[in-house]
Amino acid sequence: MSDFKRQHPVAALSRAFGLIRGNIVTIIVFLFVGAQSESFSFLWWTLGGFAFLLIVGFANWWRFLYKVEDGLIHIKSGIFVRKNLYLTKDRIQVIDITAGIIQRIFGLVQLDIQTAGASSRAASIEAITRDRAEAINRLLRRKREDSGEEDNDGAEFEIEDDIKQTISLPNKELLIAASTSGSFGIALSVIGTVFSQIEPLISESQFYDYLYSILPSQTDTMFYIALIAGFIVFAWLLSFFGTLFNYGNFSLEIKEKEIVISRGIFEKKRSTVPFNRIQAIHISEGIIRQPLGYASIHLESAAGYGDDRGTGSILFFPLIKRKRILSLLDEVLPDYQKELAALKPPNRSLRRYIFRSTFLVTAVTAGVWWWFDLNVLMWIFPILAIIWGWLKYNDTALGWGDDILVLQSRNLSKSTAYIKKKRVQDASISQSPFQRYRNLCSVQVYVASGDRGKSFNVRDVELEDGLTVLEQIRIEGVNTTIDESLESETERQVIQLPGWA
Amino acid sequence: MKEPPFHKLTPRAIRVWQWSNSIRSLFFFIIPVVYAAIFGMDGFHKWIVVSLAVIVFIAWLLSIFLMPYLSWKNWRYAIDENEIDLKRGVIFKTRTLIPLSRVQHVDTRQGPLLGSYDLASVTISTAATTHEIPALDEVLADRVRQQISTYARLAEEDV
């Protein structure tokens, strides 16, 4: 392993497909622009583009060299601009071996190496044989455990594959997760974009006439309603199967120092999250899932263990009965204090919540109703907005324990974030003139998450509570215990979080 | 909450902001120009263009003669061995607390405008966010940077 090696040639193919996937929208637009031109046929455009991507992929493969030596991996890459990446084994946090579709067809694996740096991208070897991947893994990992520099107690000696517990997602919950997935809206917008691109082609053909003849509709209105309904069903199916394929085979392995989350039916994804990199737990109850009593759990992790976009948000559990959350978290993350008292925003901020969620909707409704002379039923939207504002008020809470902050709020879904005080990167309170008048403030807390940070907010809480949060972050910095005087006074309205039991 | 000793920015900051605002706010004059380009200047539209122009002009004057002063007046920073405390905002007031153990690096920056007034800004980065103390005297900015990095080393912890 001490001289430079190329990847398996399949890496060229996988890179080409990676480029296609990364630029899918551009490619579609390009194809349709190309399809309109006379001189080149559609086929030539497609073939030419694909050949170009293959050449790029091949060049990338040719210019990518790696070498493992003395616990150091050296990667040279870049077609024109050469980039040298050196990673030493004590900087390496996680080595993940995964297999995408292309890798699986050829019986290969992908090796991802992740380091701790907030802005450093992961190094990734896209296609190598499993044996070689395991060899690299051994070379880069073994020594570190021997020296045991990560843990100071040194007494424990862990074995690589010490899985303490494996939790999987039952099929029933997978189906519920898929059918209530929030990616429905995204799917709808993707379909909309694609449709707007191909619409000219369709309208020239006989497609509309054909649809018109088979749909059981007599009027234009009916036709459009049927069309929209068709779109929605299609989008829902897309998001249903998307979620099914993404989160099928979900399993959670709890190890001594890390959690391994693997998921995916066709394309397997694995994320490894060391316990000491977890920055916050974040439980989200979607607007459809909440009435069914379900929620999903995310972890915020420092350094990009999450997705390719560099966020550190990791889906820790896709769907779980609210009643089971506490027992699961108690098992996996016992050092988080989950049940504690929290303060609600005072009554005087209710009107602000309702105003904020209502005024835009009301203005638009009034305008539309006035000009287009629509049905009185339109006024259901402002009423819904009032209810929404009330829900937001009702689901907002701010709590703190010995070493933990809890911020609960709602946009569409209700979100509850548990943040260790020592993980808070910065905390802000802000006041608008109206909040100043009412002695309220908004609190924003940042934690590290991937390359960037993630913020959690609560709005319109007592100024005093906001200041208390700042004071606690300050005291945490000083490393002393919290003064008794900071405990909340009793005449305030206190709710018990998380309130799922 | 205990109040740490807050410092103000250098009064020269006002000058710098006046210059930068006078250029930045010029872009708002695009609004009446675009409106005129689209709808023309006939009759009714002329009045809209004129009133838009007047509003933008007043905003431009305010952004030069009032806002820099108010921002300066509202900006406060405090640094001690445990945290950095920033207060700012004219209409929306914000107060941010950054524990020093979270500070990853500190930079001083100086563009041509700040440079011509012997000023520099101090940028503080954590693993999640970046904050800036704008427009300090360059000697002071260097000292602040030194101070923060010394304190941050003392307060070192893992992320």
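Q: How many bridges pair strand 18 of chain A with strand 19 of chain A?
A: This is a predicted model, in which local features need pLDDT of at least 70, side-chain atom pairs count only at pLDDT 80 or more, and totals for chains, interfaces and linings use all residues. Residues are numbered from 1 along each chain as its sequence is written, while chains are lettered from A and ligands numbered from 1 in the order in which they are written. Strands (E, at least two residues) are DSSP runs numbered from the N terminus, and two of them pair if DSSP finds at least two bridges between them. Strand 19 (residues 440-449) of chain A and strand 18 of chain A are antiparallel, and the number of bridges is six.

Q: Which residue of strand 3 of chain B does Ile429(A) stand opposite?
A: Strand 18 of chain A also runs antiparallel to strand 3 of chain B, joined by five bridges. In strand 3 of chain B, the residue opposite Ile429(A) is Arg95(B).

Q: What is the strand order of the open sheet of six strands?
A: The pairing in this sheet is antiparallel. Its edge strands, each pairing on one side only, are strand 20 (452-462) of chain A and strand 1 (76-79) of chain B. The order is 20(A)-19(A)-18(A)-3(B)-2(B)-1(B).

Q: Which strand gives the largest share of the side of chain B that touches chain A?
A: The contact (C-beta atoms, placed from the backbone, within 7 Å) takes 25 residues from chain A and 22 residues from chain B. On the chain B side, seven residues come from the largest contributor, strand 3 (residues 93-99) of chain B.

Terms used:
Contact = placed C-beta atoms within 7 Å. Helix = DSSP H or I, 4+ residues; strand = E, 2+ residues; numbered from the N terminus.
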